[in-house]
Amino acid sequence: MKKLFKDAYDYLDERFHLEDLVHFMGKKYVPVHSHSIWYYFGGVSLFFFIVQVVTGILLLFYYKAGPDLAFESIQYIMSKVQFGWLIRSIHGWAANLFILAAVIHMFSVYFEKAYRKPRELTWITGMLMLFLGMGFGFSGYLLPWNELAFFATKVGSDIAGAVPIVGEPIKILMRGGPDVTGATLSRLFGFHVALFPGIFTVMLGIHLLLIQRQGISEPMHFAHLPQKEKKTMPFFPNFILRDLLLWLMMLNLLAILAVFFPAELGHKADAFGSAPAGIKPEWYFLFMFQSLKYLPAHILFIEGEVLGILLFGAAFALWLIVPFWDRKTARGEQNKLITYIGIFVIMFIIVLTILGWVV
Amino acid sequence: MKKIIFFTFTIFLLAGYSLLNGKTPESSDQCFVCHEQLGGVADQFKKDIHFQKGVSCAGCHGGDSRSDDMEKAMSKSAGFLGIPKGDDISLRCANCHEKKEMMQKYGSHLPTNQLELLKASVHGKLSTNGKEKIIQCITCHNAHGIVSVKNPASPVYPLNIPNTCGKCHSNAKFMQTYNPSLAVDQVAKYRTSVHGMRNAKGDPKPAECASCHGSHGIRATKDTKSQVYALNIPETCSKCHSDAQYMAGYKIPTDQYAKYAISVHGKALLEKHDVGAPACNSCHGNHGATPPGVESISKVCGTCHALNADLFSSSPHKQAFDKEKLPECETCHSNHGIMPATKAMLGVGKDAVCSKCHTETKSTKGYFVAKKMRSYIDSLDTSEELALKLINDAEQKGMEISETKFKLRDAHQAKLEARTMVHSFSEQKFKDVVVGKGLSVTSASIVEAKEAVDNYFFRRYGLLVSVLIISLLSFALYLYIKQIEKKQAEKQS
């Protein structure tokens, strides 16, 4: 067996010079410190994305987009296709866990200030991938064409439509017309399986390339440590194998969730039916949805909801460009304000999400 | 002489008293004094209840009835109105009939809402010429010869009502002017009904037009407030037919409404407000109301239950029932108190209607066919119950089984079809429906539901195996990492 692997490796090495790559990875080190655990969430996010791609392709074999076929095809996948229920359930759970892992990864990078020079572009691509992940969630939510999906898309696109000037064209672009119809389904299906994966792959490529090129970010206090006190571990094989171990644990988690909490289907969407009671968006949109509910109808001369959307838009934009306005960290100084803002944002998201869940 | 003087004095005294008090219209109503000489309406008015109660001509026509000067009496300054026309006629009547105190003054206890009712009625709303409503009080009550409704001479006395209404309603030309689609044969049909025949014989108790439609407040049959609106018909009929005292002498039962109200038809109409459900008139007719004869029962029921009637007519039971002169549908289902057809009616049990005629010793073929048919339907019920239980079980386990659940509806459909097919009394045809359509569906559903339940356990065991494998793999990897790191540490040291 060992000889077989060696022969295969030699065969590939002769053609693709794998030794260079192994040598490159062997020279790469990952800092070891009290917050090293957070380094793994990038890899976990990648794992969930790979799961999404694989299960998504499998679902594509049977899924049929269209208001007359979508629900029925999912019903068929869930009841007739061998392990169809498992694939769909894993796809659903991995989507949620991807967002969760990516959010944790994003906050860990934020609090470690790992976005600082020279990793501004890594941060930007990462943030764009997180936004795309939410876009995946929103577009994929409608695909089963059930009641909940239909009305959630209606509410979601209505909120987008409330943005001044650009809102209405965005809403029309999302819906493929003034209302949520079969055209919306075709459109979001296109976004979900072609447009978003295409952009995401490019972003992911840049993101990974930059990580390999620039290495793993060291915590700020490492700069003041003498070289011999800087604890590290080799990226290959140590970090990669630890990552793999975590991936296996995540796979176990996915299997357990998919079996015990399989994806539900509900009732087929009916445009003339009434919206189901207590309709709520996916958990990662819940804090925004709940915040908008608390805003008064009018604040000064502007509608409360519009102001809320604009504020969220501004907050996301500021968050996206944090490497450029956090000059203190760029200079290598501690910026506590950034930490306080991060803590406030996490508290805000947690509290509003809980309120959205229970109220 | 003294006696003559006393008599003459008394006569003058009485005449003077009468003149002063105006109690006798002949003497005080100068209109009547003149018009009596002319004859015509005055002669009619003599018989009029108003005349008898002391109402003068001026009561309706205005003017000064005390003046013997025609010019003065019929002058505008005296309030003379002449002959009332159009809607003014009813308003003139209402002038007194709307006022309770006025009616009481003349010793009448009649209701005072007739004009109000008339205005809300179909007659008070419609107009043929756009100027006046179709009906005025005098259309039915006459003008100068109005008598009490209890007086046989009144056009609205029960025996006369059909002809009074028929004056317009049997006049096709007149009816065309405002409702061309309305039938004009009501009176003709009525005369063929039991009510109509008894009415023609002089019995005022049986229902005539006003008994069902009302009098002043007649509304269109589609009006929900109409006494003959579909939902109200049973109660309207029951006013007489459930009154044992009123119906005494007619020798018919008075429990029809009580039976109907708890019947499948009654519940559909009265509780679910399904206006498509049959009311009394659906089977008995309305204007030509009469109990359906033995031979026509299946035709009457067949107007709605067409397939059942067809199957029955081509079944062997048809001849047998005809021979025994049995009312077809009624023999098994009864008449007013028809209960929902359950499987208990089928077979040879104590509640089964088949066993009324078929026993193990009498008409045995039917006995065994009934027994077999019952066993088929019992099997379908048991099988459907099991399928539902398994589907529920699978659903509770979170399995996607909606397609099977939807398919199982066909079994229910087969049961409904079986209810119809039973009227063919053919074992094979019944079997084709119950077994061919029903049991085949339930059997397939049972298999699918069982597969779903099995699949649930397969998933659990599968998960257990996969978790075990992945955990072992993870543990092996963990040990491998430890081994590598140990080697690296040894190398470094």
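This is a predicted model: local features need pLDDT of at least 70, side-chain atom pairs count only at pLDDT 80 or more; totals for chains, interfaces and linings use all residues.
View 1. Chain A has 359 residues, of which 31% are buried, and its secondary structure comes to 15 helices and four strands. Chain B has 493 residues, of which 26% count as buried, and it contains 30 helices and zero strands. Among the contacts of chain A between residues at least 6 apart in sequence, 76% join residues at least 24 apart; for chain B, residues 24 or more positions apart account for 54% of the contacts with a separation of 6 or more. The mean pLDDT of chain A is 93, and 100% of its residues score at least 70. Among the elements of this chain, helix H2(A), residues 18-26, has the lowest mean pLDDT, at 82, while H3(A) has the highest, at 97.

**View 2. The contact between chain A and chain B.** Chain A brings 19 residues to this contact, and chain B brings 20 residues. On the side of chain A that touches chain B, helix H4 (70-79) and helix H10 (235-260) each supply at least two residues. H10(A) gives the most to that side, with 13 residues. Sorted by class, the side of chain A that touches chain B has 14 nonpolar, four polar and one charged residues.

**View 3. The packing of helix H5 against helix H10 in chain A.** Helix H5(A), residues 84-111, and H10(A) pack at an angle of about 115°, and their axes are 9 Å apart. The crossing of H5(A) with H10(A) is right-handed. From H5(A), the contact is made by A:Leu86, A:Ser89, A:Ile90, A:Trp93 and A:Ala94, and from H10(A) by A:Leu254, A:Leu257 and A:Ala258. The residues of this contact divide into seven nonpolar, one polar and no charged.

**View 4. The largest nonpolar core, and a second, separate one.** The largest nonpolar core has 69 residues, and those that touch the most other members are A:Phe48, A:Ile90, A:Ala94, A:Phe98 and A:Trp145. Elements of chain A that give two or more residues to this core include helix H3 (40-60), helix H6 (120-142), helix H7 (147-161), helix H9 (182-214) and helix H11 (283-294), together with H4, H5 and H10. H5(A) gives the most to this core, with 15 residues. When neighbours within four places in sequence are left aside, A:Phe48 is in contact with A:Ala94, A:Leu97, A:Phe98 and A:Ala101. A second, separate core has 35 residues, among them B:Cys332, B:Ala370, B:Leu390 and B:Val433.

**View 5. Two cis peptide bonds in chain A.** Most peptide bonds are trans. A cis peptide bond, with omega about 15°, joins A:Lys117 and A:Pro118, and A:Pro118 has its place in the loop between H5 and H6 of chain A. A cis peptide bond also joins A:Phe236 and A:Pro237, with omega about 5°; here A:Pro237 is found in helix H10 of chain A.

View 6. A:Phe324 and A:Glu120 are 204 residues apart in sequence, yet their C-alpha atoms are 7.7 Å apart in space.

**View 7. Positive phi values at B:His273 and B:Ser334.** Most residues other than glycine have a negative phi. B:His273 has a positive phi, near 55°, and its place is in the loop between helix H21 (264-271) and helix H22 (280-284) of chain B. B:His273 counts as exposed because it has 10 C-beta neighbours inside 10 Å. B:Ser334 also has a positive phi, near 65°, and is found in the loop between helix H26 (328-333) and helix H27 (364-396) of chain B. With 14 other C-beta atoms within 10 Å, B:Ser334 is partly exposed.

Methods. Residues are numbered from 1 along each chain as its sequence is written. Chains are lettered from A and ligands numbered from 1 in the order in which they are written. Two residues are in contact if their C-beta atoms, placed from the backbone, lie within 7 Å. Ala, Val, Leu, Ile, Met, Phe, Trp, Tyr, Cys and Pro count as nonpolar, Asp, Glu, Lys and Arg as charged, and the others, Gly among them, as polar. Axes are lines fitted to C-alpha atoms, for helices over the stretch in contact, and angles run from 0 to 180 degrees between N-to-C directions. A crossing is left-handed if the near helix is turned anticlockwise from the far one by less than a right angle, and right-handed if clockwise. A residue is buried if 20 or more other C-beta atoms lie within 10 Å of its own, exposed if 12 or fewer, and partly exposed in between; C-beta atoms are placed from the backbone. A nonpolar core is a set of buried Ala, Val, Leu, Ile, Met, Phe, Trp, Tyr and Cys residues joined through C-beta atoms within 7 Å. pLDDT is the predictor's confidence in each residue, from 0 to 100.
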